[in-house]
Amino acid sequence: MLTKVKEFSQKNLYTSMLLALLVLLLLFFSITKGGTLWSLGTWNGIFMQFPEYGVMTIGVMFCFISGNIDMSFVALGNFACILGVQYMAANVTEGMGNGQIIGVMLVAVLIVMVIGAIGGVINGLLISLLNIPPVMATIAMQLVWTGVSVAITEGKAVSGLPSLYTDIGHKMVFGFLPFPFLIFLIIFVISAFLLKYTTYGEKLYMIGTNIKAAKFSAINTTGMTVATFVLCDVICCIGSLLMVSTMASTKADYGTSYVMRCILILVLAGVLPDGGMGKISNVFLAIISIQIIASGVNMFPSMNTYYASLIWGGLLIIVLILSTKLTGNGFFVKKRKKSS
Amino acid sequence: MKKMLALLLTAAMTVGLVACGSKPAEQPAQSEPATTEGTDGAEAPADIEAPAEPKGDTPTIAFVPKVEGQAWWEHVRGGVTEWAADNGMEVIYKGPAEVDAAAQVQIMTDLVNQGVDILCFSPNDPAACEAICKTALDKGIIVIATEASGMENITFDVEAFDEAGLGAFLMDQLAAQMGEEGEYITMVGSFTMESQNNWADGAVARQEEAYPNMKLVDDKRVEDDSDAQKAYELTKQLREKYPNLKGILGTGSFDAPGAARAIQEMGLTGEMFAISVAMPLEVKDYLADGTLGSVALWDPAVSAKVMLNAGMELYNGGTIETGTDLKEEGYTSVRVDGKVIIGDGQIAITMDNVDDFGF
């Protein structure tokens with residue numbers, strides 16, 4: 001039994017670390033705040049809260065695996081949603097049937113996703129054709145999208161959504177399954193399929209591991225980079241759409257703290273921006289852990305929110321150290337090998 | 001084996017980290033005896049649900065600031081802590097670590113789901129909070145906002161002052177410094193800032209009513225783009241244009257600091273005066289050397305206490321209407337307009353209290 005556990009944890013370092021973390025978190029909060037933790041309200045909350053940035057994290061995961069990074073996704077999502085919300089606000093009129101309203105909503109969602117795709121194409125081209133480092137290119141685009149958003153909204157929040165749309169954020173499917181979580185689940189399953197069973201997924205890990213080698217193996221790296229950013233930014237825009245429904249409005253700077261949170265989750269899950277590695281199941285475990293920490297800290301009356309950041313940061317360091325020390329081919333060692 | 005050890009180590013460190021944070025939180029929770037004024041069962045309103053954990057008649061109260069760790073909000077935390085100690089109650093004070101509406105809504109969602117009875121908050125963006133506040137109201141939670149007078153899904157919004165009242169207050173201060181006579185002009189951060197223009201209107205109205213020897217030299221306002229440097233340049237230009245100009249009635253928080261620098265440089269301290277709303281520590285030097293007599297502000301910690309008092313009043317089955325006493329200076333007889341509770345909370349910042357705030 002013990003040897004089996006040992007074998008599993010050696011093969012799946014991040015998975016076992018995250019599972020251990022999850023068990024510890026649940027144990028800790030059960031002991032200290034059992035009554036509050038194990039209530040339906042808390043878990044409904046947790047499963048309603050993480051999908052909006054959880055979806056974004058999955059999007060950015062594709063970028064990371066390909067060896068890129070995206071800093072622009074929140075700003076782009078906000079810009080797209082501003083147009084989407086304005087479209088909905090303008091086209092939903094009093095006395096419309098639910099069917100018609102759903103029609104308008106679908107068009108708005110489509111608008112948002114198309115803008116997301118355009119943003120992805122721009123990111124991809126800047127990086128693969130013009131060879132601008134991904135961090136620089138996407139930070140520049142982040143500024144561009146934020147600027148445009150502020151310009152068209154004068155920095156104000158845009159609201160006026162149909163209640164049918166704002167209900168999404170706290171609707172229960174079958175009475176217990178939060179709708180945002182359902183969306184998250186769908187995207188999760190599709191993404192897992194893409195990574196595991198398609199040639200796209202295979203190529204993605206290849207260009208992430210060594211883009212030069214991939215190029216010489218007749219992989220269209222420009223096409224792959226653009227496609228990856230499109231995928232990333234479209235998924236991130238879906239995350240933004242969920243955020244819009246919980247906040248019943250959108251604004252140029254909503255969710256700016258999610259950029260760092262998504263990156264933190266990915267690194268915690270062993271998806272490093274170095275590229276070529278990472279498993280989506282670990283990403284899921286990391287998302288849940290991060291949300292449990294956040295909600296858990298909020299259960300303690302006088303515990304500063306900074307403790308959540310503190311714990312997140314501490315965990316990140318521990319995970320990075322462990323992955324380096326234990327496998328001997330962790331983050332830093334791997335890098336050295338690559339460059340030699 | 002090494003790996004198992006390491007995993008255990010991680011575990012220990014995590015628990016250690018979390019435990020460190022939680023200890024101070026736990027102690028007051030257990031040692032604080034729960035006695036409040038309104039414990040008669042008869043007074044408890046029927047439509048409010050019992051707290052998640054049975055705690056008798058002590059409500060679970062949460063206060064969500066815009067952000068944690070900034071001087072303004074640390075000052076508010078001090079007020080909230082003081083209120084909790086005075087009332088023998090516990091208040092969950094929790095805001096986002098960054099100024100982000102989304103992060104703030106997440107915290108409010110946690111609190112609402114974990115079951116609070118009174119939720120006080122200061123929204124980063126009122127529109128973003130409507131949905132979660134509606135959920136809160138549906139659950140029977142008392143929702144008290146501040147600086148969010150346009151919000152729908154709240155029980156009440158607390159405002160420290162009304163716009164005309166603050167304008168009149170600014171004028172009273174300036175008039176006292178000017179000896180109730182002489183020429184003055186009004187300055188705003190921007191023509192499009194509705195509130196600041198309303199304050200200026202209130203100030204001019206007050207002057208017309210109470211200070212006949214004062215004269216507004218130009219109906220047109222000057223605009224400093226919320227920039228102290230521009231306020232400084234404008235003050236110099238204005239004094240050239242109107243050699244008898246004696247007072248600058250500013251509104252935004254850049255007006256008085258900028259004007260004061262100009263007054264000091266021109267050597268007109270004691271002859272020319274300026275006022276506006278301003279952050280105490282930013283104008284401390286000018287207050288110290290007498291360039292500025294006072295600036296106006298409201299105490300956000302007092303507003304916070306008033307919000308908590310209002311929440312308790314409603315929790316205990318009371319009502320809030322014009323004339324209600326919310327037990328803080330400036331709020332002993334509030335005005336209620338729809339869902340907005342308006343106090344008389346503006347205060348003058350002088351050398352006596354400039355250090356009381358930490359900002």
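This is a predicted model: local features need pLDDT of at least 70, side-chain atom pairs count only at pLDDT 80 or more; totals for chains, interfaces and linings use all residues.
**View 1. Edge-to-face pair of Phe47(A) and Phe181(A).** The ring centres lie 4.8 Å apart, with 90° between the planes. Rings of Phe, Tyr and Trp (its six-membered ring) pair if their centres lie within 6.5 Å; planes under 30 degrees apart are stacked, over 60 edge-to-face and the rest tilted. Phe47(A) belongs to helix α3 (residues 40-65) and Phe181(A) to helix α8 (residues 179-197) of chain A, 134 residues apart; helices are DSSP runs (H or I, at least four residues) numbered from the N terminus. Phe47(A) is partly exposed at 21% relative accessibility, whereas Phe181(A) is buried at 9% (buried, under 20% relative accessible area; exposed, over 50%; partly exposed, in between; 1.4 Å probe, protein chains only).

**View 2. Edge-to-face pair of Phe50(A) and Phe184(A).** The centres are 5.2 Å apart and the planes meet at 85°. Phe50(A) in helix α3 and Phe184(A) in helix α8 tie together parts of chain A that are 134 residues apart in sequence. Phe50(A) is buried at 0%, and Phe184(A) is likewise buried at 0%.

**View 3. Aromatic cluster in chain A.** One cluster includes Trp38(A), Trp43(A), Phe188(A) and Phe284(A). Over all chains, the structure holds 23 aromatic pairs.

**View 4. Charges over rings.** Lys33(A) lies over the face of Phe300(A), 5.3 Å from the ring centre. The charged end of Arg261(A) sits over Tyr53(A), 4.7 Å from its ring centre. The criterion is NZ of Lys or CZ of Arg within 6 Å of the ring centre and within 35 degrees of the ring normal.

**Notes.** Residues are numbered from 1 along each chain as its sequence is written, and chains are lettered from A and ligands numbered from 1 in the order in which they are written. Local features need pLDDT of at least 70, side-chain atom pairs count only at pLDDT 80 or more, and totals for chains, interfaces and linings use all residues, while side-chain values use heavy atoms, without hydrogens and water.

Technical notes
Helices (H or I, at least four residues) and strands (E, at least two) are DSSP runs, numbered from the N terminus.
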